[in-house]
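Reader: Hi! Could you walk me through the charged pairs and the domain contacts here?

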Amino acid sequence: MDDYDLITRNAAEVVTEDEVRALAEDPDGKRAYVGYEPSGVLHIGHMLTANKLIDLQEAGFEIVILLADVHAYLNDKGTFEEIRETADRMREQFVAYGLDEDDTEFVLGSDYQLDEEYVLDTHALELETTLSRAERAMSEIQRGSNPKVSQAVYPLMQALDIEYLDLDLAVGGLDQRKVHMLAREVLPTLDYEVRPAVHTPILADLTSGVGKMSSSDGVTISMEDTEADLREKVNKAFCPPTADPEPDAEGNERENPVLQIFKYHVFPRFESVVVERPEEYGGDLEYDDYDSLADDVDSGELHPADAKGALADYLDELVAPGREKIAEQRS
């Protein structure tokens with residue numbers, strides 16, 4: 001796999017392809033980042049973008065993780081003291097999950113976002129950006145029907161972070177697309193260069209396959225889950241005997257979240273996947289790539305129950321180091 005394929009593996013979108021191809025020609029020492037609000041425990045959404053960061057490290061990028069304490073404060077996630085304590089815990093969890101600590105720089109937003117130059121640049125972007133444009137960009141972080149002024153400033157700061165962290169590439173879930181498009185619009189007004197972005201997919205709701213898997217609504221998977229928790233959640237997950245489910249009774253499009261997790265979490269981290277089955281049911285199956293596993297689900301060769309059992313095994317292996325770190329942090 002060449003560097004471009006590794007950089008863009010499992011990406012939902014690349015903005016723009018030409019810009020990312022230029023980075024792939026000489027990725028060593030280039031800087032890529034994801035920003036996270038410190039929220040306590042890493043969940044499967046954090047892990048998905050972290051998998052992409054691991055790909056980028058393999059390609060030669062230096063990784064910057066912004067532990068966005070100021071953003072979290074603006075989004076009413078607690079006091080600065082509470083948020084920073086959470087950020088310290090999350091840093092250790094990311095390393096436990098598999099990021100190379102030597103090639104990962106962890107930065108608190110408050111390390112630079114309260115400096116005069118940054119604050120004045122934020123005000124300059126406020127003058128350049130209409131409220132309706134800011135509201136479109138903030139729609140993914142807004143909670144409730146009454147947005148606050150602080151939430152309108154939030155995406156403008158995300159745009160500035162790309163400049164102030166001296167980045168070459170921005171990474172985020174597809175829900176960050178509006179923010180990255182805003183950055184491409186507004187950074188040139190301050191004579192700052194635009195940067196390319198790689199967007200990772202959004203996983204479907206675990207139990208229905210409809211909509212977004214969310215840590216705040218419904219069932220999600222996190223590093224604090226025990227092995228028993230993981231098995232219970234995976235066993236209850238929506239997984240029809242097809243890789244391309246039919247819409248639900250209301251006509252909503254469905255995804256197969258079990259197969260999504262195999263594709264975006266398991267196969268990027270393991271060279272092969274073994275599905276253990278009794279000899280009377282055909283014996284073990286081994287897969288070197290996701291497509292082969294999905295094809296066997298489609299054909300009926302691999303039963304959803306067997307796929308779920310294997311998925312729980314591999315998820316447990318991925319989250320176990322972080323689970324142990326969480327236990328240490330709480331002891």
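Author: Happy to. A salt bridge here is a side-chain nitrogen of Lys or Arg within 4 Å of a carboxyl oxygen of Asp or Glu. By that rule, the side chains of E92 and K325 meet in a salt bridge, at 3.7 Å from N to O. This is a predicted model, where local features need pLDDT of at least 70, side-chain atom pairs count only at pLDDT 80 or more, and totals for chains, interfaces and linings use all residues. Residues are numbered from 1 along each chain as its sequence is written, and side-chain values use heavy atoms, with hydrogens and water left out.

Reader: Which helices hold K325 and E92?

Author: K325 lies in helix α13 (residues 304-330) and E92 in helix α5 (residues 80-97), so the pair links distant parts of the chain, 233 residues apart. Helices here are DSSP runs of H or I with at least four residues, numbered from the N terminus.

Reader: How exposed is K325?

Author: K325 is partly exposed, with a relative accessible area of 22%. E92 is partly exposed too, at 35%. The term covers what falls between buried (under 20%) and exposed (over 50%), using a 1.4 Å probe and protein chains only.

Reader: What about E328 and K325?

Author: Their side chains meet in a salt bridge at 3.3 Å, N to O. E328 and K325 are separated by about one helical turn because they are three residues apart in helix α13.

Reader: How many salt bridges are there in the whole structure?

Author: The search finds 24. Among them, D26 pairs with K30, with the closest N and O atoms 3.9 Å apart. There is also a network of salt bridges linking R9, K52 and D55.

Reader: Switching topic: what are the domain bounds?

Author: Domain 1 is 3-200 and domain 2 is 227-330, with bounds from an automatic or database domain assignment. Their centres, taken over C-alpha atoms, are 29 Å apart.

Reader: How many residues are in contact between the two?

Author: 14 residues of domain 1 are in contact with 14 residues of domain 2, contact being heavy atoms within 4.5 Å.

Reader: And how much area do they bury?

Author: About 1,400 Å² between them, with 59% of it on carbon and sulfur atoms. That is the accessible area (1.4 Å probe) that two parts lose on being put together, summed over both.

Reader: What is the salt bridge count between domain 1 and domain 2?

Author: The count there is one salt bridge.

How values were computed:
Helix = DSSP H or I, 4+ residues; strand = E, 2+ residues; numbered from the N terminus.
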